[in-house]
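Take a look at the sequence and the model below. The text then walks through them one part at a time.

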Amino acid sequence: MTRWRVTVEYDGTPFVGFQRQTNGPSVQAALEDAIEKFSGERVTVHCAGRTDAGVHALGQVCHFDLERPRTADTVRDAINAHLRPQPVSVLTADEAPEGFHARLSAKGRAYLYRIVNRRAPLALDGHRAWLVQAPLDAAAMHDAAQRLVGKHDFSTFRAAECQAKTPVKTLDALVVSRRGEEIEVEARARSFLHHQVRNMVGTLKLVGEGKWTTADVAAALAACDRAEGGPTAPPDGLYLIRVTY
């Protein structure tokens, strides 16, 4: 038995999320079906972070076990051959070290949220970024974001359906930067609550528009109440970009 670790990128637009579900196609099902077609083995694919419907990945990490020995190139190329034409690609495949688990072994995760800040609609980045037409002050957003860095009760930014045992998380970094008409928000932590990044981005958008201040963000965090936070940003702009071990 060999445990395989793969790095995967995908466009989350046509999927109900990473996790296999009965209400539509999932990334997990696409991978498991492709692996079975090339290997003849039915496996369970475990991931580092279960992304929601419409959320993308540039560096999702997964693992699965295969009975028969194969080369890394064969595993990568054979899975990709059977994934077509779905927007999922295995970037790398390697034999995992003993005891490796894609989720439990992870030491950190990084998410990127893309905002395109312009009046014109998105011709190329529809479903891959959040179009915000009102002018945004990225510097003010970054300053306010620093109030969220550190160990806090993030109940204000937690989805009602979140299954985490505790709302207390340590946010290692939350960086807002502008490149031309695109604003990027990068969040780094060991783990996140359900919708935490999207809820933080929705709140920071209010700051960028001048509707909220840095003090308002701090007060919302302290309230530990989802009703006191900003709106949930759409899934289109969110990417799982990196998992560290």
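Start at Leu148. Leu148 touches Phe154, Phe157, Leu171, Leu174, Met200, Val217 and Leu221, leaving aside residues up to four places away in sequence. Contact here means heavy atoms within 4.5 Å. This is a predicted model: local features need pLDDT of at least 70, side-chain atom pairs count only at pLDDT 80 or more, and totals for chains, interfaces and linings use all residues. Residues are numbered from 1 along each chain as its sequence is written, and side-chain values use heavy atoms, with hydrogens and water left out.

Leu148 belongs to the largest nonpolar core, which has 67 residues. Such a core is a set of buried Ala, Val, Leu, Ile, Met, Phe, Trp, Tyr and Cys residues joined through side-chain atoms within 4.5 Å. Buried means under 20% relative accessible area, exposed means over 50%, and partly exposed lies in between (1.4 Å probe, protein chains only). Leu31, Phe64, Ile79, Ile115, Leu148, Leu171 and Leu174 touch the most other members. Helix H1 gives the most to this core, with 6 residues.

Now follow H1. Helices (H or I, at least four residues) and strands (E, at least two) are DSSP runs, numbered from the N terminus. At the start of H1, a side-chain oxygen of Ser26 comes to within 3.1 Å of the backbone nitrogen of Ala29. The 13 residues of H1 should span 18 Å at 1.5 Å a residue, and its end C-alpha atoms are 18 Å apart, which agrees. The expected span is 1.5 Å times one less than the number of residues. Of those 13 residues, 10 are buried, so H1 is largely enclosed by the rest of the structure. Among them are Leu31, Ile35 and Phe38. The buried residues of H1 pack against S1, S3, H2 and S4. After H1 comes Gly40, with a positive phi near 75°.

H2 covers residues 72-83. Its buried residues are Val75, Ala78, Ile79, Asn80 and Leu83. They pack against strand S1 (2-10), helix H1 (27-39), strand S3 (56-66) and strand S4 (88-95).

Next, strand S10 (residues 238-244). Is it enclosed or open? Of its 7 residues, 5 are buried, so S10 is largely enclosed by the rest of the structure. Two strands pair if DSSP finds at least two bridges between them. S3 and S10 pair in the parallel sense over 2 bridges. There, His56 has Tyr239 of S10 as its bridge partner. Strand S5 (residues 108-117) runs antiparallel to S10, and 6 bridges join them. Tyr113 stands opposite Leu238 in S10.

Thr156 sits in the loop between strand S7 (150-153) and strand S8 (168-179). With 0% relative accessibility, Thr156 counts as buried. Its side chain reaches the backbone oxygen of Ala220 at 2.6 Å. A polar atom of that side chain also lies 3.2 Å from the backbone nitrogen of Cys224. A polar contact is a pair of N or O atoms within 3.5 Å; within protein, one must be able to donate a hydrogen and the other to accept it, and residues adjacent in sequence count only if both atoms are side-chain atoms.

Finally, the cysteines. A disulfide is a pair of cysteine sulfur atoms within 2.5 Å. By this rule there are 0 disulfides. For Cys47, the nearest cysteine sulfur is that of Cys62, 5.7 Å away. Cys47 is buried, at 9% relative accessibility. For Cys162, the nearest is that of Cys224, 14 Å away.
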